[in-house]
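I opened this notebook to record what I looked up in the structure. The entries follow the order in which I consulted it.

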Amino acid sequence: MLERTLVQAVRDALYEEMERDDRVCVLGQDVGLKGGVFKATEGLQQRFGAQRVMDMPLAESSIAAVAQGLALEGFVPVAEMQFADYSYPAFNQIVNEIAKVRYRSNGDFSCPLVIRAPTGGGVRGALYHSQSPEAFYCHVPGLKVVLPSTPADAKGLLKAAIRDPDPIIFLEPKKLYRAERQDLAQGEAALQPLGAAAVVRQGAHLTAVTYGYMRAVTMQAAARLSPDGIEVEIIDLRTLRPWDVETCVRSIEQTGRVAVVYEANRTGGFGAEIAAELAERCFASLDAPVSRIASPDVPAMPFSPSLEHAFMLNPDKVADGLRRLARY
Amino acid sequence: MPEAKPLTPERVLEAYRTVLRARALDDRRFVLNRAGKLAFIISPRGHEVAQVAAITALQPGRDRFCLYYRNFAAALACGFTPEELMLAAFARAADPSSGGRQTPGNFGSRRRGIVIGSSTVGPQIPKAAGIGLALKWKGEGALCYVSFGEGATSQGDFHEGLNFAALHRCPVIFFCENNHWAISVPQSLQVAGPGVAERAAAYGIPGTRVPGDDFFAVHATVAKAAERARSGGGPTLIEAEVLRLQSHSTDDDQRAYRDPVELAAEALKDPIPRLRDALLQRGWLSPEIDQTMRDDVNREVERATEVAEAAPEPEPGSLGHHVYADA
Ligand SMILES: Cc1ncc(C[n+]2csc(CCOP(=O)(O)OP(=O)(O)O)c2C)c(N)n1
């Protein structure tokens with residue numbers, strides 16, 4: 001067992017999978033000697049060489065396209081987008097090409113690859129280093145979207161993503177990269193299945209469905225409600241597409257109330273989809289409208305600390321939202 | 001390194017037959033379109049000789065091909081049959097490229113090394129660079145051929161693809177079919193600078209312009225690029241100048257934006273008679289053999305049409321198949 005942060009867990013997953021399967025390769029900007037701007041690929045080039053750990057030109061569309069070309073030829077590329085915000089120049093390659101290869105070819109071609117990107121805010125990154133683009137990618141059939149919130153999940157889910165036959169967008173909450181350390185299992189024991197949510201706090205009065213950095217914020221918010229006799233059950237989705245509807249439904253059937261807590265802009269965020277699905281599935285069990293606790297509809301947090309604070313959800317804001325729901 | 005197959009008279013005649021097949025298919029598709037049986041056609045008319053000459057210099061079965069939507073003749077040269085292309089035209093379940101999911105012209109066949117195409121302009125260019133990288137890693141001497149129009153060279157993906165392939169000396173042949181029009185936009189409003197071939201210099205790779213109606217010139221240019229790619233020399237950019245003898249597609253009418261005098265002049269420069277004359281001159285073809293080939297090809301296309309028209313459509317229940325590996 002090794003105490004590892006989330007970013008170290010990502011690196012361990014890459015290391016182990018590259019050791020296990022020599023078709024696995026890593027490509028992206030600064031992933032080589034520097035080991036990535038967040039150090040997620042640190043030491044990999046020294047261990048596996050400049051071919052399997054390749055510094056790419058500063059051109060996201062070609063990063064996605066080259067990864068796709070490698071995947072079509074039987075390699076297993078893990079491409080890094082330096083920030084999720086910068087995956088947009090590669091958007092066409094991801095949603096029109098990679099996501100649809102299998103469907104367009106009636107199953108003749110497949111494109112198993114992983115695109116990793118640090119996501120979300122709260123690190124003074126401002127507009128272009130703080131966005132939460134998961135809704136864009138979750139909208140696209142053919143892609144799977146994973147967004148872990150703990151070192152163990154990051155490691156286990158990334159290993160599973162690398163072994164998965166479909167293309168995967170793997171979003172890593174950068175705010176959590178160094179937030180906590182966990183003892184991590186190694187090898188096969190570390191694997192986590194895609195598409196399975198985790199009930200990370202039990203509670204009888206309301207259900208909070210969340211993912212990524214918001215898991216930690218919602219946990220703190222729940223702790224504030226506890227003294228008032230409001231017990232919040234918290235579900236960390238861990239995978240957004242496919243997401244684990246059943247675990248959420250089971251919980252809501254017990255609690256009768258649900259809030260979706262997500263860091264992205266409120267309108268059209270993936271939380272809106274979760275809310276709609278749960279409203280449809282759980283209507284008969286609900287004692288209150290499904291509510292969304294999300295970030296405001298401005299283009300991600302500005303640089304100034306006061307504006308960043310105004311944008312970000314925090315335990316106070318989430319506790320307020322949950323309390324309102326409990327009292328409805 | 002296996003040698004490229006020499007250009008024997010037999011191979012040239014086979015290529016000529018492929019050119020005739022492409023034209024006969026095209027003629028037939030337009031008839032079917034006017035009869036309301038085919039919805040949408042993109043014609044290779046004017047590009048056929050360049051396409052077949054290029055593929056004839058390569059090794060289908062060994063090399064990879066990222067074709068674009070105007071590559072009907074190239075697809076035939078890569079091994080697609082007229083029947084298969086008709087199945088795609090009718091969007092039948094047995095269309096080998098996509099089972100009737102994509103518009104005809106998005107060719108794909110894994111066993112033939114033809115990488116499934118898409119309707120977007122340009123994304124196949126950096127993809128081909130990635131495939132080239134993989135082929136280089138595999139070290140089997142295979143190369144990746146990617147084709148596109150001159151309009152596609154305005155896309156960022158063109159520049160990203162050339163840059164990457166040049167940086168890593170990927171075995172890629174970038175083949176631009178320059179018909180001087182991107183729908184209604186002429187080259188002069190699309191491509192800054194003298195043309196496409198010159199752009200290669202910026203990436204430190206060879207760039208060649210070649211008349212696309214000259215079978216032998218195109219073949220020699222592609223063969224040279226192939227030799228360079230297979231021996232580790234890296235990519236080449238080729239610009240074949242061709243004519244667009246039809247409108248962009250059946251949704252377009254080029255008479256609305258092109259000079260009628262120019263159109264009439266171009267119609268007289270159809271590359272197929274030129275190839276036929278070259279073969280007659282060399283004594284590789286006689287008018288009788290030419291006629292026999294045309295009759296054969298027409299019968300083939302007729303049969304392909306009958307089979308394709310009678311073939312079943314995709315099952316509605318298959319709509320959700322192949323979104324993910326397990327469905
Ligand atoms: C990214 C993108 N934008 C627009 C279109 C619509 N479109 C299809 S073909 C075409 C013109 C392409 O011209 P060119 O690359 O010169 O090839 P040609 O059709 O002349 O062979 C356009 C604009 C598209 N398919 N993809």
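Entry 1

In which loop is the place of Ile183(B)? I found Ile183(B) in the loop between β4 (181-182) and β5 (185-186) of chain B. Helices (H or I, at least four residues) and strands (E, at least two) are DSSP runs, numbered from the N terminus. I noted that the phi of Ile183(B) is near 50 degrees, a positive value in a residue other than glycine. I located Arg169(B) in the loop between α6 and β3 of chain B. Pro242(A) lies in the loop between β12 (239-241) and α9 (245-255) of chain A. I recorded these places because most residues other than glycine have a negative phi, and most peptide bonds are trans.

Entry 2: basis of the values.

I am reading a predicted model, in which local features need pLDDT of at least 70 and side-chain atom pairs count only at pLDDT 80 or more, while totals for chains, interfaces and linings use all residues. Residues are numbered from 1 along each chain as its sequence is written, chains are lettered from A and ligands numbered from 1 in the order in which they are written, and side-chain values use heavy atoms, with hydrogens and water left out.

Entry 3: the sheet of chain B.

I traced an open sheet of five strands in chain B, in the order β1-β2-β3-β7-β6, with parallel pairing. Two strands pair if DSSP finds at least two bridges between them. β1 (64-66) and β6 (207-211) of chain B stand at the edges with a single partner strand each, so one side of each has no neighbour in the sheet. On average, neighbouring strands of this sheet are turned by 20 degrees against each other, direction ignored. Axes are lines fitted to C-alpha atoms, for helices over the stretch in contact, and angles run from 0 to 180 degrees between N-to-C directions. I followed β6(B) to its partner, strand β7 (residues 236-241) of chain B, and found parallel pairing over five bridges. In β7(B), Leu237(B) is the bridge partner of Gly207(B).

I then looked up the helices on this sheet. Helix α6 (residues 156-167) of chain B packs on the sheet and touches β2 (144-149), β3 (172-178) and β7 of chain B, contact meaning heavy atoms within 4.5 Å. The direction of α6 makes about 150 degrees with that of β3(B). Helix α7 (residues 215-230) of chain B also packs there, touching β3, β6 and β7 of chain B, and its direction makes about 155 degrees with that of β3(B).

Entry 4: the sheet of chain A.

I found five strands in an open sheet of chain A, in the order β9-β11-β10-β13-β14, with mixed pairing. The edge strands are β9 (198-201) and β14 (291-295) of chain A, each pairing on one side only. Strand β10 (residues 206-210) and strand β11 (residues 232-236) of chain A pair in the parallel sense over five bridges. Within this pair, Thr207(A) has Glu233(A) in β11(A) as its bridge partner. Helix α8 (residues 213-225) of chain A packs on the sheet and touches β9, β10, β11 and β13 (258-265) of chain A.

Entry 5: where the chains meet.

I noted that chain A and chain B each give 38 residues to the contact. The area buried between them is about 3200 Å², of which carbon and sulfur atoms give 61%; buried area is the accessible area (1.4 Å probe) that two parts lose on being put together, summed over both. In chain A, Glu73(A), Tyr103(A) and Arg104(A) lose the most area to chain B. I counted four salt bridges between the chains, each a side-chain nitrogen of Lys or Arg within 4 Å of a carboxyl oxygen of Asp or Glu. Glu73(A) and Lys138(B) meet in a salt bridge (2.7 Å, N to O).
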